[in-house]
Amino acid sequence: MSGEENPAAEPAPVIDVQGDGRWMSQHNRFVQECKDAEPDVLFVGDSMVQLMQQFEVWKELFSPLHALNFGIGGDTTSNVLWRLQNGELENIRPRVVVLWVGTNNHEHTAEQVAGGVLAIAQLILSRLPKSKVIVLGLLPRGEFPNPLREKNTSVNNLLLASLPRLGPVQFLDMGGSFVHSDGTISSRDMFDFLHLTAGAYRTIATSLHELLLQLLEEMPQERRASLV
């Protein structure tokens, strides 16, 4: 799963087909936030990350941890890689980075998607050698079993096997929480059978919050004096 021949591990900005420059504007805002904020936790990824901050659970569990949210809807591993290489890791030293991306990599194989996620995790660890990384597993999608679900499961299995070799990386897979015994997913958990409802976000956030507290407790509290 080397980046040399893997299109999912090649950094690329989003092509502005609509012509309104929204994606680049969001990226530039994040780069600016890096200059102004001192996050302990950085969330980065696609709409699964972006939408989390719309819910009460973000304010309740993650804002108190001095968390920044660098999620952009529709992003692939290539887009996140490009963003992190172009300013979104500058001037900040988060103690933990949460990465959640890959479900939008429709044109890539499971091996390529996993390689893309690994490339991002490697970049984070090389730029932020004192930080720890949490990679969230891709969620199942679609009301009924389907090939995309199978692909996301394959990505998760590959990540589970590969991530420990990188260093201080934790893998958290919550996908099993949402699939019923008959293989279906409820709109009460995923309103469009992809994005999460408030209740489903709470399920994921609770487990993630526990893991974050555990990791933050284990880490030296550098640069904390300036934080209120």
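View 1. Two strands pair if DSSP finds at least two bridges between them; strands (E, at least two residues) and helices (H or I, at least four) are DSSP runs numbered from the N terminus. In this predicted model, residues are numbered from 1 along each chain as its sequence is written. Local features need pLDDT of at least 70 and side-chain atom pairs count only at pLDDT 80 or more, while totals for chains, interfaces and linings use all residues; side-chain values use heavy atoms, with hydrogens and water left out. Five strands form an open sheet in the order β2-β1-β3-β4-β5, with parallel pairing. At the edges are β2 (67-71) and β5 (169-172), each of which pairs on one side only. From one strand to the next, the twist averages 15 degrees; axes are lines fitted to C-alpha atoms, for helices over the stretch in contact, and angles run from 0 to 180 degrees between N-to-C directions.

**View 2. Strand β2 and its partner β1.** Strands β1 and β2 run parallel and are joined by 5 bridges. G71 in β2 is the bridge partner of G45. Because 5 of the 5 residues of β2 are buried, the strand is largely enclosed by the rest of the structure.

**View 3. Strands β3 and β4.** The parallel pairing of β3 (residues 96-100) with β4 (residues 132-136) has 4 bridges. V98 stands opposite I134 in β4.

View 4. Helix α4 (residues 77-85) lies across β1 (41-45), β2 and β3, and runs at about 135 degrees to β1. There are 6 aromatic pairs in the structure; rings of Phe, Tyr and Trp (its six-membered ring) pair if their centres lie within 6.5 Å, and planes under 30 degrees apart count as stacked, over 60 as edge-to-face and the rest as tilted. One of the pairs is W23 and W82, which is tilted, at 5.6 Å centre to centre and 50 degrees between the planes. W23 lies in helix α1 (residues 22-36) and W82 in helix α4, so the pair ties together parts that are 59 residues apart in sequence. W23 is buried at 8% relative accessibility, and W82 is buried with a relative accessible area of 18%.

**View 5. The pair F55 and Y201.** The ring centres of F55 and Y201 are 5.1 Å apart and the planes are at 40 degrees, so this pair is tilted. F55 is in the loop between α2 (47-50) and α3 (56-62), and Y201 is in helix α7 (residues 198-218); the pair links distant parts of the chain, 146 residues apart. F55 counts as partly exposed, at 23% relative accessibility, whereas Y201 counts as buried, at 0%.

**View 6. Confidence along the chain.** The mean pLDDT (the predictor's confidence in each residue, from 0 to 100) of the protein chain is 94, and 94% of its residues reach 70 or more. Over residues 223-228 the pLDDT is below 50, and this stretch has 10 contacts (heavy atoms within 4.5 Å) beyond near neighbours in sequence. Where pLDDT is low, the predicted coordinates should not be read in detail.

Note on methods: Buried means under 20% relative accessible area, exposed over 50%, partly exposed in between (1.4 Å probe, protein chains only).
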